[in-house]
Amino acid sequence: PRPSHFSPGDEDFQENHERQKHKGKRRNGDRPKNKRENQRRKRSSNSEPETSEESEDEEEVNNDGEVRPELLSPEELEKLKEAVDEKKKLIQSLRGKPWPMKQKLVTLRESQLFVEKYEGALGKGKGRKLYAYKVMMTKKWKKFQRDFENFKTACIPWEMKIKEIESHFGSSVASYFIFLRWMYGINMILFGLTFGLVMVPEALMGRPYGSIPRKTVPRAEEAGAMDFAVLWDFGGYAQYSVLFYGYYNNQRAIGWFKFRMPLSYFLVGVGTVAYSYMVVIRTMARNANESGVGDDNSFNFSWKMFTSWDYLIGNPETADNKFASITTSFKEAILEEQESRKDDNIHLTRFLRVLANFLVLCCLAGSGYLIYFVVRRSQKFALDGLENHTWWERNEVNMVMSLLGMFCPMLFDVISALENYHPRVALQWQLGRIFALFLGNLYTFIIALMDAINLKRKEEKVVKYNITMWEASLYNGTGSENSTAPPVTIHPADVPRGPCWETMVGQEFVRLIISDTMTTYITLLIGDFLRAVLVRFLNHCWCWDLEAGFPSYSEFDVSGNVLGLIFNQGMIWMGAFYAPCLPALNLLRLHVSMYLQCWAVMCCNVPQERVFKASGSNNFYMAMLLVILFLSTLPAIYTIVTIPPSFDCGPFSGKNRMFDVIQETLESDFPAWFSKVFSYASNPGLVLPFILLMVLAIYYLQSTSKSYREANVELKNKLQMVTQRLDNFVFLTSYGSDFILNA
Amino acid sequence: MTLLIKCMYLPFSFYSRMVSPAIALAFVPLLLTLIIKYRYYFVLFYRAVLVRIWKDCVTGLSREERAFQYVLTNSTPGDPDSILDAFDYWCSKVEFISNIGPKKGKILDRLLLEQSPLTVLELGAHCGYSTVRIARALPLGARLYSIEMDQGNAAIAEKIIRLAGFDDDTVELIVNPSDEVIPRLRSDYNLERLDFVFMDHWKKCYLPDLQLLEEYGLLGKGSMIVADNMLFPGAPKFLRYLRKCGLYEWKIHRAMLEYSRGIRDGMAELIYQGIK
């Protein structure tokens, strides 16, 4: 979705925009116009005494065309007004006229001058000054709006970079970067929410580090808490900070203005999901409006002929490629047309397609089993104690997931050569398969996490028991005073701690994201940059042409990158509740990705050989994003609703369920009638009919949209019939007479 | 490329510690992909290198001699078409020799028919396949000069050309390296202008020979030069020179490599424009 620079129908804007770009001056028409207004006003005020002397009915026109409206009769005033209105209408409709550009510009300028000259003069008598003032203010306001639009466009980040990439590589590669930028915007908002409403309040107004047990590194871990290896794994000091769930205190209100921390944490978690849904669906709706034109099944070749060219290409090599790809697409379309009439060997094609799907399913099953196996192994390692195992074994799960995510799509691509689909259909199948692969991997990972969570919860019971024993021993040790037992001062680092499954979940997600990022960057550097360096510098002394032959420069894989981005965002949505640092991390990652990938594309990639339009796929990517959003918020919501929070860490510790915080807020912070209203509103008797009503509304809207679509198709058919009849009529009248005469 | 780094790591780790079989299994899709994607190159390698070495050891004849034996027994003397067909059959079914092949040969025939040259130079006759192909499509009175560096190949090419029925008026075979012959073409062979040049010798000699032809003024305006194997194995310096110098109108005809499917190749067609 490209930002629209121009408000449609605003003729002056285009001219002025261009003038501003090229000359950098203000609108030239503005100054003289104001001068003329002032002149007119001065002269009109001066002319008042004069006109009483000269009582002429006709208009007195000065050397620079000044009109004295008091001299005009009402009919002439009326005619002048009509003329001005006509000129205004002409200016509005000038764009649609089939005139050459020069004529349009000349007419525009004439009409503008006319309107300027006579518009201010149309107001009568005293009201004329007010009218002129109003006109001037509207003009100033319009000018301000245009300048503001320009400023807004200049503020869009990375616009020139993306334009440059578009001119070299075409619109499909640029659409990836536009998507990246849009994601960056979303993550910026998410970051704002989590940072401003969760991390900063706790850091500024909550208890400082070291004051309570949950905020302190335990004595056992203190020795290695500052090591780089530990910090890179997000243990040590990184774990006991605002970055993770476990640091937050469950105090109901913190700071001097009683900031409700747990409530804010919960609402920010819900708010991020709600905001994401809203934004994605709004963008989908907007895209649905834009597309839908032009993908007709009729007039296939005419559409290709007249609409294939990409006018934003600014680079000769890309233009050559685009030319070649249009030629190829014509050849393909002709072949397809021929084949669709031939229709032989459909059994072979079907068999091959079934075989290809079977092979893909085998590959997916294999990868799913491999991840399950690896996850089981890592659980075994965790039981043994992680210190006994090498780095490879500890990070096995992440490595295997990243490697499979990199290699299996290539295999799918190669298998899809069996299927013999049209490239766009093949691309969609490919994307669907990669989607299934990533989803399978992600859910296997989540199931493994669930096992780990259950383990930790079992541990909790044991630890609770141990803590009671420890406390009892502490009090027994100090003395036998019961009621006024002096508070035993123990350093928070020495207090035995309960396990914190939420922090563990957050850590796992952060580690996964980091390893995914590292894999992407390393693949980029080695697969693109190193390859380009080798091809360029080894080509002098190699037996075959490296640029044309085997490695050659890599092409930018749009669909793979977009999918990677979508899944990355899914992981953020999943883990943001347990690790508030995730949006910040993602923001940093997207920022770096933008610069790195822009540089890599311009430096190491060549334009694709098959260039096809990206606009059809935009909604496809949005639909996938929506599905991922749904699927990734599902586990988070499940854990929030069913699993009780840890007793010893986080803002919800001590509660039975995390959403109890809402109940608590309603009872204590709102007046009594509010909670009564809420309890009525959340009554199932009210909620169920409401849901039923929404379902019925959706069904109604769906059926009306279907009927509109059918009406559209019928109108198209009618239009075709009418044009055909017209053609026949024209043919008959022009040639039919010949037939009749000669016959 | 990650595979390379991993391969360097694996031997170390096998000595020091057990590498997880899972990570190794994760590379299986990559291997499968590489094998499937480059299967035609593997097949080509097998046919052009392995089978050749094997047959060399077994029969003791060189590849060209084996080809000649086959063509001699399976074609009609005096009929260029049957000789070419016999060659094609042998190259696609029995062993692999890099002649121009039937598909690219058709492009060559078409270009010859359009150009109708009277003086043709061929660099690199090898077995004589392309010589016979060109001679077949020549107009009456035209003459083909074929240059071949290797003595053995030249002997076989001579036999094949005479078997096809082309006498000394039509085809003359010169046995010398091309960079020695081209300077002497004007003096020894009285050639003023070459209408058509076909290059199919060593790829690294394309550019020097082209520059020699230009230098000795053997090209006139409208002379056509056809260079084979532009994409596989490829002649990068030649292509770079073409793009820069601006003396030629050039285009690349895309086709498949001879006698194999799936490997792309191209022939460059250059038309000399003359110095402006």
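Hi everyone. A cavity, in what follows, is a set of grid points where a 1.4 Å probe fits but cannot get out. The model we are looking at is a predicted one, so please keep that in mind.

The structure holds 10 cavities of 30 Å³ or more, and the largest cavity has about 110 Å³ of space in it. Which residues line that largest cavity? They are Ile446(A), Leu449(A), Met450(A), Ile453(A), Val505(A), Phe509(A), Met574(A), Tyr578(A), Pro635(A), Ala636(A) and Thr639(A). Three elements of chain A give two or more residues each to this lining: helix H16 (423-478), helix H17 (501-538) and helix H20 (615-642). H16(A) gives the most, with four residues.

A pair of aromatic rings is described by the distance of the centres and the angle of the planes. Over all chains, the count comes to 46 aromatic pairs.

Here is one that joins two chains. Phe407(A) and Phe27(B) have ring centres 5.3 Å apart and planes at 45°, so this pair is tilted. Phe407(A) sits in helix H15 (residues 396-415) of chain A, while Phe27(B) is in the loop between helix H2 (21-25) and helix H3 (28-37) of chain B, so the pair links two chains. Are these two residues buried or exposed? Both Phe407(A) and Phe27(B) are buried.

Back to Tyr578(A), then. With Trp501(A), Tyr578(A) forms another tilted pair, 5.7 Å centre to centre with 55° between the planes. Trp501(A) belongs to helix H17 of chain A and Tyr578(A) to the loop between helix H18 (558-575) and helix H19 (582-604), so the pair ties together parts that are 77 residues apart in sequence. Trp501(A) counts as buried because its relative accessibility is 0%, and Tyr578(A) is buried too, at 2%. Both residues belong to one aromatic cluster, whose other members include Tyr245(A), Tyr265(A), Phe577(A) and Phe652(A).

Finally, the domains. Chain A is divided into domain 1 (74-154), domain 2 (160-294 + 308-344 + 500-651) and domain 3 (683-736). How far apart are the C-alpha centres of domain 1 and domain 3 of chain A? They lie 40 Å apart.

Technical notes
Residues numbered from 1 in each chain as written. Chains lettered and ligands numbered in written order. Predicted model: local features only at pLDDT ≥ 70, side-chain atom pairs only at ≥ 80, totals over all residues. Heavy atoms only, no water. 1 Å grid on protein atoms, 1.4 Å probe; cavity = no way out; pocket = protein on both sides within 12 Å on 5 of 7 lines; lining within 4 Å. Points joined across faces, edges and corners; volume = space filled by probe spheres on them. Domains from an automatic or database assignment. Phe/Tyr/Trp six-rings, centres within 6.5 Å; stacked < 30°, edge-to-face > 60°. Buried < 20%, exposed > 50% of the residue type's maximum accessible area, 1.4 Å probe, protein only.
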